Amino acid sequence: MTSGRRWFGVFAGLFLLFQFAMPLAYYFGDQAYDERFSWRMFSPVHLERCSIDVVEQVEGADRKVPLWELLPAPWVNILARFRPTVVDSFLHWRCEEPGIAEVRYTRTCQQADGSVRPPKRLRLACGSAQVEELPAS
């Protein structure tokens, strides 16, 4: 076996090992919402049906945010998948609008077996840098 073939075999073996091992980080990690590097056929997140509701407080009154009018459909879907950096950026973006005192995000998901997970609720008081997680109640 020539040296070039040997190196190719080593490279191919390492590449295949990486392709197999990378999804394991999803299954044994702590970011269950982010399935980009998982085997999706085994992912319960992929089978969930989630809806989101975003409400702003303007002059003491609540106003529902018309997500489908403000954002392209892929971004609404990413918000529904709960990518924390995207949700955080979106909440801060809404706070840039004049008159908005706070923004609340609620995500409700139905699992493949029909059961409903406790909602994920976040709140950003405009002027605050930190998004806080609210109790599921």
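**Figure 1. E59, an exposed residue in the loop between β1 and β2 of the predicted model.** With a relative accessibility of 77%, E59 counts as exposed, and the model in which E59 is shown is a predicted one. The loop that holds E59 runs between strand β1 (49-58) and strand β2 (61-64). The backbone of E59 has a positive phi of about 50°, although E59 is not a glycine.

**Figure 2. Overall organisation of the protein chain.** Six helices and five strands make up the secondary structure of the protein chain. Read along the sequence, these elements follow the pattern α-α-α-β-β-α-α-α-β-β-β. The protein chain has 137 residues, of which 27% count as buried. Among contacts between residues at least 6 apart in sequence, 45% join residues at least 24 apart.

**Figure 3. The packing of helix α5 against helix α6.** Helix α5 comprises residues 73-81 and helix α6 comprises residues 84-95; the two pack at an angle of about 115°, and their axes are 8 Å apart. Angles of 65 to 115 degrees count as roughly perpendicular, and α5 and α6 are therefore roughly perpendicular to each other. The crossing of the two helices, α5 and α6, is left-handed. On the α5 side the contact is made by W75, I78 and L79, which meet V86, V87 and F90 of α6. By class, the residues of this contact between α5 and α6 divide into six nonpolar, no polar and no charged.

**Figure 4. F82, a buried residue in the loop between α5 and α6.** The loop between α5 and α6 contains F82. The relative accessibility of F82 is 10%, and F82 therefore counts as buried, given that the cut-off for burial is under 20% relative accessible area. The phi angle of F82 is positive, at about 60°, although F82 is not a glycine. One of the residues in contact with F82 is R107, when neighbours of R107 within four places in sequence are left aside.

Figure 5. Strand β3 spans residues 100-110 and includes R107. R107 is buried, its relative accessible area being 7%. From this position the side chain of R107 reaches the backbone oxygen of A80 at a distance of 2.5 Å. Apart from its neighbours within four places in sequence, R107 is in contact with E48, C50, S51, I52, A80, R81, F82, R117, P119 and K120.

Figure 6. R94 is located in helix α6. Its relative accessible area is 7%, so R94 is buried. The side chains of R94 and E56 are joined by a polar contact of 2.5 Å. Once neighbours within four places in sequence are left aside, the residues in contact with R94 are E56, R63, V65, L70, I100 and V103.

Figure 7. R49 counts as exposed, at 57% relative accessibility, whereas S51 counts as partly exposed, at 44%. Along the chain R49 and T108 are 59 residues apart, and their C-alpha atoms are separated by 8.4 Å. For S51 and T108, which are 57 residues apart along the chain, the C-alpha separation is 5.5 Å. With neighbours within four places in sequence left aside, R49 is in contact with T108, C109 and Q110. On the basis that residues up to four places away are not counted, S51 touches T106, R107 and T108.

Figure 8. S128 counts as partly exposed, with a relative accessibility of 31%. The side chain of S128 reaches the backbone nitrogen of Q130 at 3.2 Å. Between S128 and H92 the C-alpha to C-alpha distance is 9.2 Å, and these two residues are 36 residues apart in sequence.

Conventions. Residues are numbered from 1 along each chain as its sequence is written. This is a predicted model: local features need pLDDT of at least 70, side-chain atom pairs count only at pLDDT 80 or more; totals for chains, interfaces and linings use all residues. Side-chain values use heavy atoms; hydrogens and water are left out. Axes are lines fitted to C-alpha atoms, for helices over the stretch in contact, and angles run from 0 to 180 degrees between N-to-C directions. Helices (H or I, at least four residues) and strands (E, at least two) are DSSP runs, numbered from the N terminus. Angles under 35 degrees count as roughly parallel, over 145 as roughly antiparallel, 65 to 115 as roughly perpendicular and the rest as oblique. A crossing is left-handed if the near helix is turned anticlockwise from the far one by less than a right angle, and right-handed if clockwise. Contact means heavy atoms within 4.5 Å. Ala, Val, Leu, Ile, Met, Phe, Trp, Tyr, Cys and Pro count as nonpolar, Asp, Glu, Lys and Arg as charged, and the others, Gly among them, as polar. Buried means under 20% relative accessible area, exposed over 50%, partly exposed in between (1.4 Å probe, protein chains only). A polar contact is a pair of N or O atoms within 3.5 Å; within protein, one must be able to donate a hydrogen and the other to accept it, and residues adjacent in sequence count only if both atoms are side-chain atoms.
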